[in-house]
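Biologist: Please take a close look at one part of this model, the aromatic pairs and the strands around them.

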Amino acid sequence: MKKHMPTSRNPFIVILLMMSFLIFSCNNDDEPGGVELYQGTWSGTYSGDVDNGTWSVQINEMGGISGTATSTVMSMNYGLTGTVNSDGDFLATSGSATTGTTFTGVLTATNGQGTWENNQSGLSGIWSGNKLGESGNGISF
């Protein structure tokens, strides 16, 4: 008659259990998370009752936003600065918060949308855009 060893004393079973735990507890660090997900170049359009144009921004690894909005109606470029957080909440301002235009919205890994408003002039509208791919082409949806 054979004797069976308890699991705790059988090294093969213990090693197998440890290997299974290690394999299934590892996560994939290749996919960015947090604000790194939004890092890169973004561009799109904005529109409203009176003004419309294009915008382009660079988002850095800390979620800092810098770029330009170009008004088609006024034929002018305006600097944009702001932040995006790990939830994709986008906030950028052209000029000051009290006299400039504020763009607010939400980004996903590949696109974003929101609203813009200039309280001083009473103008407002919507914006949308895409993260640019490695080749510099926008991702289409």
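How many aromatic pairs does a search of the whole structure find?

Modeller: This is a predicted model, in which local features need pLDDT of at least 70 and side-chain atom pairs count only at pLDDT 80 or more, while totals for chains, interfaces and linings use all residues. Residues are numbered from 1 along each chain as its sequence is written, and side-chain values use heavy atoms, without hydrogens and water.

The search finds five aromatic pairs (rings of Phe, Tyr and Trp, the last by its six-membered ring, with centres within 6.5 Å; planes under 30 degrees apart are stacked, over 60 edge-to-face, the rest tilted). The ring centres of Tyr46 and Trp116 are 5.6 Å apart and the planes stand at 80°, so this pair is edge-to-face. Tyr46 belongs to strand β1 (residues 40-48) and Trp116 to strand β7 (residues 111-118), 70 residues apart; strands are DSSP runs (E, at least two residues), numbered from the N terminus. Both Tyr46 and Trp116 are buried (under 20% relative accessible area, 1.4 Å probe, protein chains only).

Trp55 and Trp127 have ring centres 5.5 Å apart and planes at 85°, so they are also edge-to-face. Trp55 is in strand β2 (residues 52-59) and Trp127 in strand β8 (residues 123-131), so the pair ties together parts 72 residues apart in sequence. Trp55 and Trp127 are both buried.

Ring pairs also link Phe103 with Tyr46 and Trp116 in a cluster. Phe103 is on the covered face of strand β6 (residues 101-107), along with Thr101, Gly105 and Leu107. β6 pairs with β7 in the antiparallel sense over six bridges (pairing needs at least two DSSP bridges), and Thr104 stands opposite Thr115 in β7.

Definitions and conventions:
Helix = DSSP H or I, 4+ residues; strand = E, 2+ residues; numbered from the N terminus. Buried < 20%, exposed > 50% of the residue type's maximum accessible area, 1.4 Å probe, protein only.
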